[in-house]
Amino acid sequence: MKIVIAGAGEVGTHLAKLLSNEEQDIILLDSNQERLDIIDANYNLMTFNGSTSSFEALRSIGVGSADLYIAVTPYETRNITSCAIAKKLGAGKTVARIDNSEFLRKENGLILRELGVDALIYPENLAAIEINTALSHNWARYWGELHDGALILIGVKPSPSFPLFGVKIKDLPIKNHDFHIAAIKRKTETIIPNGNDEIRENDIVYFITTPPFVSEVRELSCKKKRNIKKVLIMGGSRIAARFMRQYADKYHIKVIDVSRPRCEELAENFPDCEIVCGDGRDIEVLRDNNIYQYDAFMALTDSSETNILSCLTAKEFGVPKTIADVENLQFVSSAESLNIGTTINKKLLASSRIFKILLDADEHNSKFLALADAEVAEIPVKPGAKITRAPVKDLHLPYGMTLAALVRGDHCELISGMSKIEAGDYVVVFCLSGTIHKIEKWFS
Amino acid sequence: MSSVFRPKFYINVPMLLRVVGWLLMILAAFMLFPTIAGLLTGDKGVMGFVWSLLITLGAGFGMMSIRPKSREMGKREAILLVSLTWEILALFGMLPFLFCDTHTNVTDAFFETMSGFTTTGMSALNTLHGVPDSIILWRCVTQWIGGMGIILFTLAVLPMLNYQGGMQMFNAEVTGITHDKLRPRVSNTAKSLWLIYIILTGCLTVLLLFSGMKFFDAVCYGLSIMSTGGFAVADQSVLDLGSIYVKIVVTVFMFLGGVNFSLMYAAVTGHPRRALRNEPLKWYVWWILIGYALFCLNVLLRNIGHSVGDFTLDPLFQAVSVISSTGITEPDFHNWGSLSEMVLIMMMMTGACAGSTSGGAKIDRFIVLFKFLRNEFYKMMHPSAVTTVCINGKGTSYLVVQKVLAFLFVYIFVIIGCGILLVIMGLPLKTAFFYGLSAISNAGIGTEINGISWQFSALPAAGKWLLTFVMLVGRLELFTVMLLFVPSFWRK
């Protein structure tokens with residue numbers, strides 16, 4: 001599949017690397033040669049130096065034969081122009097990154113479609129939704145819904161009183177077992193467990209389960225549900241603004257930002273929220289704003305380091321839930337091992353959204369939820385596939401993958417060793433990053 | 001994200017060996033050609049090939065069965081792999097010379113093979129008389145593999161290398177300042193390049209067959225001329241075999257061998273304009289014409305022109321043959337005079353377009369150099385002027401210019417160094433430097449033009465090893481090989 005990515009910024013670069021590792025034909029378009037050089041020399045993709053809204057540049061990379069055109073420069077008008085040109089030149093599906101919720105409204109979507117923009121990504125909006133999910137399911141580190149909520153993926157760090165520490169997975173009582181342990185994150189390593197692995201203290205465990213049994217998982221991992229009302233946000237970034245716009249009536253929000261002009265702007269736009277001008281890194285400022293009273297603390301400044309450290313400070317003050325915006329991917333796993341709670345990463349959110357768009361463009365592709373270094377894929381089973389030959393326990397599946405659940409018709413069930421997979425099922429698979437293409441051959 | 005596994009060794013040796021194993025398997029596949037040819041014709045060298053094939057296969061299979069803990073290949077591994085590959089392949093490629101009855105020792109066999117792989121075309125064999133046909137075919141096959149590059153071939157056929165390390169290898173083996181990717185995935189780029197190469201070779205062979213050339217000779221010349229290597233099939237050169245027709249065909253294909261292959265790809269995939277407007281290509285053509293004019297002038301001055309051919313085809317053939325680093329010389333070139341020799345040296349030095357199978361420092365680099373110098377002189381008059389080196393209508397960054405200048409400097413440095421060492425070994429001054437240039441530019445022009453009876457086979461063994469090394473340095477464009485001798489490469 002030929003995919004053109006316009007804009008070699010953070011999101012664009014990340015997407016290009018990811019899709020290139022998935023064996024797609026990637027052309028990365030940007031007008032900054034230096035940035036392109038680094039990527040060109042190290043990744044299996046083609047780069048082109050040119051403006052994203054130049055007819056000539058788009059023609060010479062052959063945008064007419066592209067199946068997917070993704071415009072992810074930081075400027076929404078440029079993205080939309082670029083998509084419009086690409087579409088008129090014959091690109092298959094176009095996706096533009098936007099920065100304004102007006103575009104998301106249904107009645108405006110039609111106008112955009114006429115212009116030639118098929119789909120939109122709004123990373124800040126995705127981040128705001130993610131934050132809200134994290135706040136609603138605040139006992140979990142990670143909460144993801146698959147198949148329209150029929151299956152739920154929960155990442156949780158069990159309390160020390162968790163009963164299953166040291167128990168091998170194959171020894172778990174099979175009967176009352178309405179969840180599946182899909183992955184274990186131990187320090188920087190992600191383990192896709194087989195029967196001989198065990199859960200240790202300080203691991204983050206990813207359960208997959210169906211909605212009726214969510215509370216069972218919560219009780220098992222000895223976590224309490226908390227109703228979050230008061231939220232303190234440090235850094236009035238675009239994510240923060242988006243979150244305030246969306247959820248100002250649901251939460252009581254206070255924002256601390258260093259820049260006075262930014263504070264004034266926020267105060268004008270969000271009269272319902274409290275805005276404080278001050279440096280959130282200063283403990284005095286946090287104390288003055290009664291950080292003890294808040295149910296949640298979110299650090300959403302542009303600096304990942306500041307966010308991580310501030311969340312640690314907030315934890316010391318006893319704030320039960322902290323959320324950090326960590327944009328450097330290499331910090332994500334360190335941040336998670338530091339007990340920060342939930343981390344938000346725009347790039348990961350945007351790329352998993354693009355994967356979903358890819359699914360619509362190419363039926364053979366799988367559906368993804370991208371975690372930091374593991375992937376969750378929903379793969380359709382084709383007739384005659386290798387995986388349908390025997391019950392799961394007799395299949396000798398490769399290491400590094402686990403079959404979590406299957407969807408047959410409207411009905412979801414968890415997979416055990418005895419399950420037999422049939423053609424037409426959708427199977428939810430957990431695997432390490434970059435191994436998905438090895439797994440796909442089992443299904444086709 | 002691959003932080004899960006860390007290689008235990010500083011350099012991922014098991015993975016390197018595994019890839020080399022794969023490359024040996026591919027080499028063994030290429031060895032099949034002369035073996036089959038030998039079996040069909042009942043050639044006397046065939047048993048030697050069977051043995052070499054088995055040894056190569058065995059070694060390749062042994063290395064391939066290594067299961068590395070980590071498959072990570074970084075920059076360092078890629079650079080090491082590229083230069084190691086060429087040496088190891090030459091090591092295995094020389095086996096047929098040793099097993100067959102060619103009266104060669106290890107030095108000569110290695111020299112011959114490396115000369116083949118680097119498309120230099122210097123020969124350590126005194127005479128091809130009595131050498132088995134399968135060996136003659138094998139020499140041409142080595143040139144053909146080396147012309148486009150065996151690693152590029154591997155990238156095309158093995159999906160295993162299609163990751164970060166593979167990108168580094170692509171950059172290390174393909175010649176030129178910058179490396180155009182034709183298509184988004186490097187394996188597809190490699191496939192396209194090899195496809196053009198194979199089609200061109202096929203065309204050349206068929207055209208040579210039309211001249212009434214023997215099938216075996218046509219295939220051998222097809223392989224050695226398309227790769228701009230220039231190994232001959234018999235003691236006399238290709239020119240003695242045939243007619244004016246053969247000469248024209250060979251000239252055209254040598255010319256094509258010196259053209260950037262990605263331009264040819266662009267031209268055949270519907271962007272002929274891009275090829276026509278390409279600046280290095282224009283310079284390439286002009287440089288050939290200038291060389292042609294100078295040769296003609298010299299022929300005229302020395303009053304050795306007797307027929308139309310002496311003023312038209314012969315000088316043109318000579319110019320194309322040298323600039324494309326094929327290195328076939330006119331039989332009477334020693335009579336052409338010293339101006340012709342000078343032109344020869346200059347053309348050998350520049351070489352043809354980057355991204356072709358030719359050798360030399362590549363015309364693209366000289367364009368950068370000249371434009372840069374022009375800018376510098378302009379700036380002396382207008383100190384506050386801001387200038388860029390513009391190629392194909394696009395500005396080139398100063399980093400690239402710096403790299404080019406460094407390259408050209410090292411290029412000269414290697415020639416001088418090689419010359420000095422050869423002089424110490426007892427070669428005449430002129431010959432020594434001429435050999436140095438001939439080896440680094442992969443032209444492999446013989447010494448008859450010097451009027452000295454030195455043959456490559458008469459070189460001292462140390463001299464042969466030195467030239468072998470210089471040929472490799474020239475083929476991999478200096479830095480990849482020389483980096484291995486820089487201490488910081490090995491340091492943590």
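Predicted model: local features only at pLDDT ≥ 70, side-chain atom pairs only at ≥ 80, totals over all residues.
Which residues in helix 6 of chain A meet which residues in helix 8 of chain A?

From helix 6 of chain A, the residues are A:Glu124, A:Asn125, A:Ala127, A:Ala128, A:Ile131 and A:Asn132. Across from them, helix 8 of chain A brings A:Arg238, A:Ile239, A:Arg242, A:Phe243, A:Gln246 and A:Tyr247. Sorted by class, this contact has 6 nonpolar, 3 polar and 3 charged residues.

Now the geometry of that pair. Helix 6 covers residues 123–136 of chain A, and helix 8 covers residues 238–247 of chain A. Their axes are 8 Å apart, and the packing angle is about 60°. Because of that angle, helix 6 of chain A counts as oblique to helix 8 of chain A. The crossing of helix 6 of chain A with helix 8 of chain A is right-handed.

Next, the domains. For chain A, the domain assignment lists domain 1 at 2–121, domain 2 at 230–348 and domain 3 at 349–440. Between the C-alpha centres of domain 1 and domain 2 of chain A there are 31 Å. Where these two domains of chain A touch, domain 1 gives 4 residues and domain 2 gives 4 residues. On the domain 1 side of chain A, the residues touching domain 2 are 1 nonpolar, 2 polar and 1 charged.

On to chain B. How do helix 1 and helix 2 of chain B pack? Helix 1 of chain B runs over residues 13–41 and helix 2 of chain B over residues 46–64, with an angle of about 160° between them and axes 8 Å apart. The cut-off for roughly antiparallel is over 145 degrees, so helix 1 of chain B is roughly antiparallel to helix 2 of chain B. In chain B, helix 1 passes helix 2 in a left-handed crossing. Their contact in chain B holds 19 nonpolar, 7 polar and 1 charged residues.

Last, confidence. The ipTM of the model is 0.71 and the pTM is 0.77. Chain B has a mean pLDDT of 82, with 92% of its residues at 70 or more. Two stretches of chain B deserve a mention. Over residues 1–9 of chain B, pLDDT stays under 50, and the model has 11 contacts beyond four places in sequence for them. Over residues 449–454 of chain B, pLDDT also stays under 50, with 13 such contacts in the model.

Conventions
Residues numbered from 1 in each chain as written. Chains lettered and ligands numbered in written order. Axes fitted to C-alpha atoms, helices over the stretch in contact; angles between N-to-C directions. Helix = DSSP H or I, 4+ residues; strand = E, 2+ residues; numbered from the N terminus. Parallel < 35°, antiparallel > 145°, perpendicular 65-115°, else oblique. Left-handed = near helix turned anticlockwise from the far one by under 90°. Nonpolar A, V, L, I, M, F, W, Y, C, P; charged D, E, K, R; others polar. Contact = placed C-beta atoms within 7 Å. pLDDT = per-residue confidence, 0-100. Domains from an automatic or database assignment.
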